Amino acid sequence: MKILIATHKPYQIPEISGYQPIMVGSALRDEVPAGYLRDDQGENISSLNPFFNELTALYWAKYNLRDEDIVGLAHYRRYFGTKSSHNLADILSQEQIYDALEKVDVLLPKQRNYYIESQENHYLNAHKNEPYFMMQDVIKESFPEYLSAFQQMGQSKKAHLLNMAIMKQADFQSYTDFMFGVLNQVAQRIPYESYEGQDRRIFGFLSERLMDTWLYTNHKTFQDFPLVTTEKTNWLDKGTQFLKRKFFKNTNKKVHF
């Protein structure tokens, strides 16, 4: 088992059997702390980290952790937990992960519920619209068996976000085949290198909408887990920003036919 803890900076990492920190974007850094894996060794897309975020760790795992029975991704600020807390003692243990995967196919963070808008509308209000519609076109053209689930995800107010998951190797390969297969085609169709600010992280945002698309198409069973977070979330600020995006139109929003 290898649960990667994606981080872009040195951080207090919990020492739990089965967990391993990985420095994403290692190819762009002068040095990587001792004890951290690098995502620029073996087959990798480490240099694309500004656009793919934690997905460079997933890509590295896809090609360099094939001997592991179970593969997962956590975040230096977010972990799967037995309950929602800021206590690292509540992070799922290796034994608890094994037990859970005896009952379901995939372990996921608790779904995010936006209540007053669909996942598609939330994405379009928060990000550049062209990449989302381009992703929909790619799925329609090259992965048509996933289109119904993608549309279902888009109309739902709930989704599994954060690019966090734990699953067995065969499912991990299936999921990453689909996810990177879609993103690679989108990358060929949009000028992502010219994007600025938050939009530079485009593929990390797009991929969040592909987990449920893969999950429901392949009829995978799953269990949601609360998050153990190392930093407290300012929900007032997040709520304010959400409402601003919802009720003040995004200037790059476009109608797609």
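Cavities first, with the rule I used: on a 1 Å grid over the protein atoms alone, a cavity is a set of points where a 1.4 Å probe fits but cannot get out, and lining residues have an atom within 4 Å of a point. Grid points are joined across faces, edges and corners, and a volume is the space filled by probe spheres set on the points. I kept in mind that this is a predicted model, where local features need pLDDT of at least 70, side-chain atom pairs count only at pLDDT 80 or more, and totals for chains, interfaces and linings use all residues. Residues are numbered from 1 along each chain as its sequence is written, and side-chain values use heavy atoms, with hydrogens and water left out.

**Cavities**

I got two cavities of 30 Å³ or more. Around it I listed Leu58, Val71, Gly72, Leu73, Asn163, Ala165, Ile166, Met167, Phe172, Tyr175 and Met211. Strand S4 (70–75), strand S9 (165–168) and helix H7 (169–187) each give that lining at least two residues; helices (H or I, at least four residues) and strands (E, at least two) are DSSP runs, numbered from the N terminus. I sorted the lining into nine nonpolar, two polar and no charged residues, with Ala, Val, Leu, Ile, Met, Phe, Trp, Tyr, Cys and Pro as nonpolar, Asp, Glu, Lys and Arg as charged, and the others, Gly among them, as polar.

The second largest cavity has about 40 Å³ of space. Its lining includes His160, Asn163, Tyr175, Glu208 and Met211. There I counted six nonpolar, two polar and one charged.

**Helix packing**

I looked up H4 (residues 119–126) against H5 (residues 129–142): the angle is about 140° and the axes are 8 Å apart. Axes are lines fitted to C-alpha atoms, for helices over the stretch in contact, and angles run from 0 to 180 degrees between N-to-C directions. That makes H4 oblique to H5 (under 35 degrees is roughly parallel, over 145 roughly antiparallel, 65 to 115 roughly perpendicular, the rest oblique). Glu120, Tyr123 and Leu124 of H4 meet Asn129, Tyr132, Phe133 and Gln136 of H5, contact being heavy atoms within 4.5 Å.

Next I took H5 with H6 (residues 147–155), which pack at about 150° with axes 9 Å apart. H5 and H6 are therefore roughly antiparallel. The contact includes Tyr132 and Gln136 of H5 and Phe150 of H6.

**Rings**

My search of the whole structure found 13 aromatic pairs. Rings of Phe, Tyr and Trp (its six-membered ring) pair if their centres lie within 6.5 Å; planes under 30 degrees apart are stacked, over 60 edge-to-face, the rest tilted. Tyr59 and Tyr63 have ring centres 4.9 Å apart and planes at 50°, so I logged the pair as tilted.

Notes:
1 Å grid on protein atoms, 1.4 Å probe; cavity = no way out; pocket = protein on both sides within 12 Å on 5 of 7 lines; lining within 4 Å.
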